[in-house]
Amino acid sequence: MSYEPASFRPCTFHDSVPRFLDGGDTPRAFLERCLEVIALREPVVQAWVTINEAGARVAADAATARYKAGRPLSSIDGMPIGIKDMLQTKDMPTEQGTPLLKGVETRTDSASVLALRQAGAVILGKTVTTELGMSHPGPTTNPFNPDHTPGGSSSGSAAAIGAAMVPATLGTQVVGSIIRPAGFCANTAIKPTFGAIHRGERLGFSQSHIGVHAGCLRDMWAVAFEMSQRAGGDPGHPGLYGEVVPRAAARPLRLIVMEAEGWAATDGRTMGAFEKILGQLRDAGVTILRRSDSPLIEGFEQAIGDSLALCRDLCGYELRWTLENLIERFGSGLSDSMMARLELARSMSIDDYRLALLKREEAKRAFAAIGGLADGLISLSSVGPAPLMENRARDSGVTHTTGLPAFNAATSVLGCPAITLPLLALGGLPVGVQVIGQPHTDAALTGTAAWITANIAPVVV
């Protein structure tokens, strides 16, 4: 199934709500249509670890009754949603992409999952993650070409949207695990401001984000907003600001091109397609700024220039204690990739970690310094289309089996919001373009994303 932007039809939810209210459709019927697509495409895509059809039908029937009575709980009441298998669900195992945790039942909902249930969402199943949300891949394939990766670590969450199985899924990101796979699978997705959506058990990572993959901007934002309204943000964080619908489309006056570490690694065809997007923006009256246009932008680029290694060190040090416990308990069973991360972490001292934290704060200060120069940043979501499944890219001592996160590590370090849009098609595979804002400008960023979606034509190469 080659990706063609003009003909691709993702699964969307908000446009069915009026029919739920007038009786022309029901959440139960919507769910059954999703299950039909899953039955058709799952044998190849393999996006799901577990599907709770019985529980989903009960929840969809309850939502149907609420719409019939004219009392839906929220804007996402009745929406089928997949949950990345890094997050706990009380009614399904949480296996975290490792055979060591096969069948483990926590009997607990993560804060985000509980918030979705309170909003009436239909928790359909658990989506495939890479091993412990890091690099070693699961079985999921790209929905547009099974020879290619869907990206990671939110592999199943991205692929389920690309395969039009459900309107929304949850993902998590500590380096590039939402934005890159979303771009590989033609999702619209958000990695929000750090701490804007309560991470629940993911609090052990100092830059883990919970975000949303979706078939459209409106569904993406509704899921993020409804979660934050109920569960809030992380402890000590104010949560997600905004309203239940995205902001009205607003043309940005100026956008800064973020090169990050991906610029030199991007192939010529992808770069040429991205430059065509920038050309359309200029033609529409948007001023495009580059690193050569301001010493502050150049300083920012230098500050984020080692973000991949910085993420490696931060994540490795913070994951070490989980890995040490798994080894003590099981002896073996972790991938070579994960063991390499552990050895790197074991070599770090507390002062090495403190230095990494200092570098992260310096990058954040450099980012804040360019805040007044433009309405946001724009960048590719990946260095090219999804690589073949057997490809292995190495960087900073880590094997990246699901694509190089060279355009993503910086935004994870910065803790800033990023929204990826499916704006490029190269050889039948999607590539995302992301817009990036200062912390807590998530809502305003949806206005930028809405304007780009309405006014910039996808580039097909």
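This report describes selected local features of a predicted model, from strand pairing and helix packing to aromatic pairs and backbone geometry.

## Basis of the values

The model is predicted, and local features need pLDDT of at least 70, side-chain atom pairs count only at pLDDT 80 or more, while totals for chains, interfaces and linings use all residues. Residues are numbered from 1 along each chain as its sequence is written, and side-chain values use heavy atoms, with hydrogens and water left out.

Helices (H or I, at least four residues) and strands (E, at least two) are DSSP runs numbered from the N terminus. Strand E4 (168–173) is mostly covered, since six of its six residues are buried, where buried means under 20% relative accessible area, exposed over 50% and partly exposed in between, with a 1.4 Å probe and protein chains only. In a regular strand the side chains alternate between the two faces of the sheet. In E4, Ala168, Leu170 and Thr172 point one way and Thr169, Gly171 and Gln173 the other way, and all are buried.

Two strands count as paired if DSSP finds at least two bridges between them. E2 and E4 pair in the parallel sense over three bridges, and Ile83 stands opposite Leu170 in E4. With strand E6 (residues 209–214), E4 pairs in the antiparallel sense over six bridges, and the bridge partner of Gln173 in E6 is His209.

## Packing of helices H10 and H11

Two packed helices are described by the angle between their axes and the distance between the axes. Here the axes are lines fitted to C-alpha atoms, for helices over the stretch in contact, and angles run from 0 to 180 degrees between N-to-C directions. Helix H10 (residues 307–330) and helix H11 (residues 336–346) pack at about 110 degrees, with their axes 8 Å apart. H10 and H11 are therefore roughly perpendicular to each other; angles under 35 degrees count as roughly parallel, over 145 as roughly antiparallel, 65 to 115 as roughly perpendicular and the rest as oblique.

On the H10 side, the residues in contact (heavy atoms within 4.5 Å) are Arg312, Gly316, Tyr317, Leu319, Arg320, Leu323, Glu324 and Ile327, and they meet Met338, Met339, Leu342, Leu344, Ala345 and Arg346 in H11. By class, this contact has nine nonpolar, one polar and four charged residues, with Ala, Val, Leu, Ile, Met, Phe, Trp, Tyr, Cys and Pro counted as nonpolar, Asp, Glu, Lys and Arg as charged, and the others, Gly among them, as polar.

## Aromatic pairs

A search of the whole structure finds eleven aromatic pairs; rings of Phe, Tyr and Trp (its six-membered ring) pair if their centres lie within 6.5 Å, and planes under 30 degrees apart count as stacked, over 60 as edge-to-face and the rest as tilted. The rings of Trp263 and Phe274 have their centres 6.3 Å apart and their planes at 80 degrees, so this pair is edge-to-face. Because Trp263 lies in the loop between strand E7 (254–257) and helix H8 (268–283) and Phe274 in helix H8, the pair ties together parts that are eleven residues apart in sequence. Trp263 is partly exposed at 21% relative accessible area, whereas Phe274 counts as buried at 0%.

Tyr317 and Trp321 form another edge-to-face pair, 6.0 Å centre to centre and with 85 degrees between the planes. Both lie in helix H10, four residues apart, about one turn of the helix. Tyr317 is buried with a relative accessible area of 13%, while Trp321 is partly exposed with 42%. Elsewhere, ring pairs link Phe13, Phe20, Phe30 and Tyr67 into a cluster.

## Backbone geometry in loops

A cis peptide bond, with omega about 10 degrees, joins Gly152 and Ser153, and Ser153 is placed in the loop between strand E3 (122–127) and helix H5 (155–162). Arg107, although not a glycine, has a positive phi of about 55 degrees; Arg107 is found in the loop between strand E2 (80–84) and helix H4 (111–118) and is exposed, with a relative accessible area of 65%. Ala164 is likewise not a glycine and has a positive phi of about 60 degrees, but Ala164 is buried at 17%, in the loop between H5 and strand E4.

## Two buried loop residues

Thr98 lies in the loop between E2 and H4 and is buried, with a relative accessible area of 4%. Not counting residues up to four places away in sequence, Thr98 touches Glu131 and Leu132.

Ser381 lies in the loop between strand E9 (376–380) and strand E10 (393–395) and is buried at 0% relative accessible area. Leaving aside neighbours within four places in sequence, Ser381 is in contact with residues including Ile179, Arg180, Phe407 and Gln434.
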